[in-house]
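Me: Please show me how to read this model feature by feature, giving the general idea before each case.

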Amino acid sequence: MRVYANQLKSLIEEKKSRLFILSGDELLLMQEAGSFLRRSLAAQGYSERETFIVEGSAFDWSNVLYEENSLSLFSEKKLIEVRMATKTPGEKGVRVLEELMTRAGEDTAVIVVFPRLDSRVLKSEWFKRIESVSAFLQVWPISDTELPQWIFKRLRRVGLNASKEAVAELVERTEGNLL
């Protein structure tokens with residue numbers, strides 16, 4: 001199911017989902033969404049974390065399923081995070097992701113992070129299958145018209161106030177790079 005960032009908290013608190021797909025190309029927003037998910041899942045007891053970074057066809061996908069099947073040494077619940085460098089995982093990766101997402105037990109949470117996915121991938125059968133059993137958050141860049149309000153809210157959240165001129169200066173200096 002497709003979700004918005006403001007829905008993540010309730011999905012985790014109400015235990016509606018422990019399987020997540022993140023996609024986007026705005027690095028700061030992706031990092032924040034991932035950090036929020038990891039913190040929230042850790043609060044639910046998913047304290048052991050295994051991260052896999054998939055950078056090419058040489059990646060051994062069997063390690064992901066091996067980790068999902070293995071018992072945790074330090075906690076009862078674990079988080080498996082798969083970070084994709086490309087938009088498609090390849091044939092073997094598709095099989096593993098489908099198996100991981102459909103077979104993961106209550107004691108396993110899964111986060112799969114993709115770069116921004118295009119409509120071709122979003123409409124593919126394999127993606128539809130893993131999306132049907134998970135919460136899919138597509139992180140969109142902040143538009144130029146939304147950026148001043150976004151900066152203003154972020155400043156307020158940390159207890160700072162800024163004039164419209166100061167925010168306009170920040171908008172001009174960021175040039176679309178939130179980091």
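Reply: Let us start with contact, which means heavy atoms within 4.5 Å. By that criterion, residues 24 or more positions apart account for 77% of the contacts in the protein with a separation of 6 or more. This is a predicted model, in which local features need pLDDT of at least 70 and side-chain atom pairs count only at pLDDT 80 or more, while totals for chains, interfaces and linings use all residues. Residues are numbered from 1 along each chain as its sequence is written, and side-chain values use heavy atoms, with hydrogens and water left out.

Me: How many helices and strands does the protein have, and in what order do the elements run?

Reply: Helices (H or I, at least four residues) and strands (E, at least two) are DSSP runs, numbered from the N terminus. The protein has eight helices and six strands, and from the N terminus on they follow one another as β-α-β-α-β-α-β-α-β-α-α-β-α-α. Along the principal axes, the C-alpha atoms fill a box of roughly 55 × 35 × 25 Å.

Me: What is the order of the strands in the sheet, and which of them stand at the edges?

Reply: Two strands pair if DSSP finds at least two bridges between them. Here six strands form an open sheet with parallel pairing, in the order β1-β6-β2-β5-β4-β3. β1 (2–3) and β3 stand at the edges with a single partner strand each, so one side of each is left without a neighbour in the sheet.

Me: Which strands are joined to β4, and by how many bridges?

Reply: Strand β3 (residues 46–54) runs parallel to β4 and is joined to it by eight bridges, one example being Y46, whose bridge partner in β4 is K77. Six bridges join β4 to strand β5 (residues 108–114), again in parallel, and there I80 has V110 as its bridge partner in β5.

Me: How should I read burial, and how many residues of β4 are buried?

Reply: Buried means under 20% relative accessible area, exposed over 50%, and partly exposed in between, with a 1.4 Å probe and protein chains only. Of the 179 residues of the protein, 42% count as buried, and β4 is mostly covered, with six of its eight residues buried.

Me: Is E81 buried or exposed, and what does E81 touch?

Reply: E81, which lies in strand β4 (residues 77–84), is buried, because its relative accessible area is 1%. Leaving out residues up to four places away in sequence, E81 touches R38, R49, E50, T51, F52, I111 and V113. A polar contact is a pair of N or O atoms within 3.5 Å; within protein, one must be able to donate a hydrogen and the other to accept it, and residues adjacent in sequence count only if both atoms are side-chain atoms. The side chain of E81 makes such a contact with the side chain of R83, at 3.0 Å.

Me: Where is L41, and which residues is L41 in contact with?

Reply: L41 is in helix α2 (residues 27–43) and counts as buried, because its relative accessibility is 1%. Neighbours within four places in sequence aside, L41 is in contact with I12, F20, Y46, L79, A109 and I111. The C-alpha atoms of L41 and K78 are separated by 9.1 Å, although these residues are 37 apart along the chain.
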